[in-house]
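Work through the exercises below with the sequence and the model at hand.

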Amino acid sequence: MRTHGNLALGALLALSGLASGCTNVRDGFRPVLTDAPFVYDIGELRVIGAEELAGVDPSTVPDAVHYGQLGAGENAGLYGGATFQFRATGSSVCVVVDPEAMFWNKEISTQSNTVQYKFEDIFEDDGDLDLSAGLAAYYTGSPGSEIGDFSAVYDDPAGVEHELAFNECIQTGYFGDPAHAGRATVEYCDIDTSLHSGVMYTAVLETFALPIDDSILNFGALAFDGRCADLPWYDSNGALLAGASECVIPNEVEYADANGIPEEKAWFPELERAYCSGVGKVNTFCKDNPGAGCQSEEEL
Amino acid sequence: MTQMRTLTLRLMGLFAALWALSGLAFASATSGTIKGQVIDDGGLSIPGVLVTLSSPSLIGGAQQQTADEEGRFIFVELAPGSYEVMAQKQGFGQVRKTNIEVALGRTTPVAIEMKVGAEELTVEAKKPTVDTEKASKGDSFSKEFLSRIPSGRSYQDVVSNAAGVTGGGGNPSSGGASTNENTFLLDGTNITDPVTGTFSLNFNFDAIEEIEVITGGYDPEYGESLGAVVSVVTKSGGNSLEVVANAFYMNGNWGPKMDSRYAADGYELSPTGFDEVSQTGSMGVVVSGPIVKDKIWFLGSYSYERTLYANVGVQLPRDFDGHYFFSKLTAQPSSAHRFTVQFATNPTTIDNTDQTDTRIFAEAQSRQAQGGYLTSLKWNWFINPETNLETAASFQKTFIEASGVPCTHDGNLGYHPCDPDEEENYTDYTTPGHIGLYGAYDSDNAGSYYFDDRYRGQLSTKYSLLQVNFLGKHDFKAGVDGSYLLWDQISGYSGNLIFYDYYENAFDPDTLGNYAWVETSGPSIYRSTGYHVGAFIQDVYKPVENLTFRYGLRYDRAVHRNDAGVPVVDVGLFGPRIYAIWDPWANAKTKVYGGYGRFNDTGRLSVASYLSQSNMGSKTIFGEIAGNSASGVGFSGGDYSTDNTITVLDGTTAPHSDEFSIGAQREVMTDIAVGVDFTGKFTRNVYNFDETNLIYDEDGYSYVGSGDGTLDSYYRLRTPAIALRDYYQTDVSITRNWADRWLLSATYSYVVSRGRVQNGLTAVLSNPAQVDLWYGNLPYDFRHQLKVQAAWDLPIDPWTTTIGMSGQLYSGAPLSRFYYSQADSLAAGGDSYSLLKEPRGSYGRTGATWDMSVLIEQDIPVRKGKLSATAQIDNLTNNQYPYYLASNYSYYIDTQNRYIIAYRQDTIQAQVGVKYEF
Amino acid sequence: MAPTILILALGCAYNEELPEKDILGTVIVPAAAATRLQADGTTATDPRFIGPIFLGAYSGIDTVSFGYPHPSMGPIVTADTPGDAFPYGGTTVGRYDFACYESLACKVVTGRFSDYNDMLEYFGTVLGSPIQDDNGADVANGSTFQQACYDYFYATSDQEMAFLGDLDFALNADGDFEAAFVMPHTVFVEGMTIWGWMDAPEIVPANPTESGGFSSCDVSTGREFDQYDENFREGRVYFDALNTPSQYIYAGDWVASGAEEAVVNSPDDKPVVRLDFGFGVGEAE
């Protein structure tokens, strides 16, 4: 009947319009899917002591210092991450994660030029991981498939359930509120394991942002036997210093990639050493190596 | 006839199965109806008369009917215009009645008197002043009105002329509803934005035939809105070729523009002047005519609009550049079928969209492209004069793209040059922007981007069965319509980073430094979908000639889902409506009417977006200027959340209004009617957020605890009964339709608009201790409103000069006094004055505002066609509107405990234009 | 018309089935709690000695963990912080408000003073620590006080001063002080207990200028007012007063013992919260 025919035509018109609309998502803004996993479990890491860490190339102890990569997931709204477990020592454990690469803000100070970065960071290579840690028994995620948090349920005397947060990696921000470090910035915290010696802990490295250059976030992570303030590392002069920083886990860009350091980031190790040695060294490096991780002098 | 009876009985049985019978029949706001009767000079009906209807607005040529045994005839789905009816019967003198006006949503009664054996007679019809079958409230703006009454040359501006409508600029508040609770129809197609509930399409003003604004009492045929139904009907063309070309220019830079300022002790300071660039130029052409005479008509329209507008001191004016295309094809291959196909698109670019701020450098401006297209197909099947079926399908896409300014190789532009290897119009989405604080400038890059695509696909069908005899006359109508809605949105910061720069010493550029920056997790990418199905059944029932009942039932079902597919809005609602209109003297000069209607709001996709799973995480990191001794690269503070802390309460319903009205109208002199109307409208269950975790002290001033031990806010979407509006409107009106060279319409409204929520979605329940104080006078509670429109064709033949004017007066808006709130200041990160100590809107009122515009149109005789020149002045009296000095109301109270309100002068705008019709 | 009324009735029958209810009740402060030492060495019973009352709805009462009845707590998560009592809802009878002078920060509670002279008398005579303006001079009279408030708040009437006006507490037949309260938007849990405590003002006879302060008010936070001193803040209540009240309860404060009359079994119950346990002062009467 003619009625049906025209209804069908109308429906077809509407549907074809919708179909063309459905494919019109601006994919250029999504992170690119790569081989880097969305969620994975590192496994158990040995808690490494100060003497060993000071005397060894961190890339040669993969059972204690992990270099890895994280990538994008199917759903634009969710980010994944990595997890690892470590055994409580009965005293302070410092958990550290260092995401690719380095970030500084050239304009953070109106003070003299000698303490100010002269060159802008190239930030496209920076990713951001957020660190939390707690007793493995309280972890709500599923290592290797789903990122969760640390919580337990308390039933009050009236039978009402309340969720308790058991993240023991407390980092505070500008207002003393719970916070995480920004892009490319190392995150670390002291966990007091004195009440749970020998018990398994989980550390969660949740992806906050992927680098926009290649959607692959290289990172390094470790658990240190002692306080974060005592973490050893070497500066560009070979001096042994202490204190958790960018420099404790060196060269995450090179060691995380199975194929070694990508050519376009060949400058990374040297820039990182300069970064670990002060603003002046970064300025010098950037001046001598324009475009290598920092803007060239012309940009000034 | 017998078969028709059988079919009629079968259908009636079907309808009777539903306990609430039909409502308003052909008050379709896309067409009009002629209903008439042929009688002899003794008053007896004459059966079997051949009735012929003709008009230049009637596609398909003249229509013919044979009047029934009571001499009755009916013509439906008529485009607005002037018609002629000719009655012929053997033995009687032929009668021709001319100048019968058909208007949108109206039934024009035609009575024809035939005399035995008399000569041919031609009678001119008198336009009915009182429509004794209409109970709905609102105004119709015909072509005659639109061309004579000054307006902004867009349908959005015309709407504010209707009584009970306030606000303007496109999204009015009607009957106390919020500005996103209206429905916009274009030739019956719903063009309301599926996300925001606002209008979504612009087109050439000269392509408009008529605009109907229904503010209350509308038929079950229309739903989904608590405010007004704005129905725009476009021209269709005719049997002769017509070309209308126009060009207009408007300048708003005339007349004094001053702020009045009041110091704390109440004395008026000397006014400050401000400069403003405000110019609009538009030109357009409408071509219409026959492709096949009487069978296929076409209309094509193009208009171009360019507006430059700049606030005081900005670096570059906002540049609006819009192209509006509209085309329509109407075909009536036989008397039984009519097809209408439409296509509209309005690509527009707006440059320098951030021109509101003097601190924005040229290269930090952003650019917005918007537009979309609408296609629709409608089929009318006139099965017989009493039965017709209308089926329509349409698809609409609208989009907005806002981003930084694309680069150019054009050296003349002076900013944003492309790099040598960059393409023309390359847009940088990776370089972060800078926002300036404390006098510092926004610079470098606009910094954020936003892409938005919205779709609506619709199918509808309506069946009308008219003039059914059963204890009187019934006009039944029933229909079903379905829509599918989709919304895609991407937004973010360029490079996922934005810097906040700061003058350490105010306004000293040498102390510029970076105060803080915000890092985001990436763009927010979001999709929301929804569908809506509506069904209605209605009847116009006349048990006797001078009494009409209009009643019916509407059912709406809507589901809107967020980006995880979770239904946020999930409702099924009934909307019964019943009205009665009584003509006590049965002479079409008086009517008394009243009734009740329930109107349901089926929501907008923006409601579902509050439960988005695709939130953008952000971290705020402070630099050394802010005292962060870690040199800004240590640990960050600020919000970090991609978790959704918003939920929806199970079993939410949808907002609805119950409206009661009663009124009367009488034609007191020829063509002049006086009316009085009282309406009470009660809106309940408006969308509202409450908060479930924080615990306040007794005044709601500060937190004293939280349910889970954190200070996180957990919002919950609800539709509580206390989220309400109570609206009362009393109108007294005088109307003189266009006749004998002049028209007048004046309405005085006394309005009371009280409630707890003005907008369609608020969070007034978040602070439980404040909930009672939030009931008070709503922002659009303008108690006294006066709207006047008048036009006069001066009797200076052959030169026709028309003077038109429109004026609106509103008494003052209510004011609330807010006090410092400890809780909100913590949430806002700075001082927040949001605590009420008295009911809202009870602190006082602003002054009255008024607006008057005048239009002079002069026809210039030319050999072929018609040429006219127009001059229009808006805001003739250079009125002021309230402009608050600061949001911190505590600082602007004078010694008499009154708010210090600065009044800003609205500019006088002059518009000149030229129009040529061929 | 009947069908229409039926439809209307259907519409009115929409029930949100909200888990939260408003709980109305009464709080009783025994006379002993309002009996304190005055500057002249005598004791007096004065309702102005009643500090802010914090009321919360809790799952139960713990009589073991502290030296006074305390709401049941959840487990300790962070060292040095007590377990959270997870209140279902709460309110106050009297709250901290800033009374125009820096010296009064964290010392003034709403619903205790009817006018300026009342306050001048309380601080000057009863506590022995006259109110001083921001220059250190004593405030002479009520008009001076009033003008300072009008200037500070840009106000023009006493009705805008939250700390003046109607008094919360009235003497009841037993000689105790009684006030009504509304605990809005409280999750109703059958068998929940309304528990509360009163923060008593410090009385320091040896150094009266320290008298009048409260432990649940943080002087170093709140709205910043930098006209005279950019470090000056008006003070505000601690935001976790109902979650971990033990951090702010000291000897001299009065606490509810969680009697049966404070248990709520239905949303229409009218609990009576009797602050009959004086922590560090022994039982009432």
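**Exercise 1: salt bridges**

Over all chains, the structure holds 51 salt bridges, a salt bridge being a side-chain nitrogen of Lys or Arg within 4 Å of a carboxyl oxygen of Asp or Glu. This is a predicted model, in which local features need pLDDT of at least 70, side-chain atom pairs count only at pLDDT 80 or more, and totals for chains, interfaces and linings use all residues. Residues are numbered from 1 along each chain as its sequence is written, chains are lettered from A and ligands numbered from 1 in the order in which they are written, and side-chain values use heavy atoms, with hydrogens and water left out.

**Exercise 2: the interface of chain B and chain C**

Task: state how many residues each chain gives to the contact, and name a salt bridge between Glu160(C) and its partner.

Solution. First count the residues in contact (heavy atoms within 4.5 Å): 49 come from chain B and 42 from chain C. Next take the buried area, about 3600 Å², of which 56% is on carbon and sulfur atoms; this is the accessible area (1.4 Å probe) that two parts lose on being put together, summed over both. Finally, the rule finds four salt bridges across this interface, and Glu160(C) forms a salt bridge with Arg817(B), with the closest N and O atoms 2.4 Å apart.

**Exercise 3: the second largest cavity**

Task: find which residues lie closest to the centre of the second largest cavity.

Solution. Start from the space in this cavity, about 270 Å³, where a cavity is a set of points on a 1 Å grid over the protein atoms alone at which a 1.4 Å probe fits but cannot get out, and lining residues have an atom within 4 Å of a point. Of the 20 lining residues, the closest to the centre are Tyr819(B), Tyr820(B), Lys837(B), Phe153(C) and Arg223(C). At least two lining residues come from each of β50 (818-820) and β51 (833-836) of chain B and α3 (142-153) of chain C.

Definitions and conventions: 1 Å grid on protein atoms, 1.4 Å probe; cavity = no way out; pocket = protein on both sides within 12 Å on 5 of 7 lines; lining within 4 Å. Points joined across faces, edges and corners; volume = space filled by probe spheres on them. Helix = DSSP H or I, 4+ residues; strand = E, 2+ residues; numbered from the N terminus.
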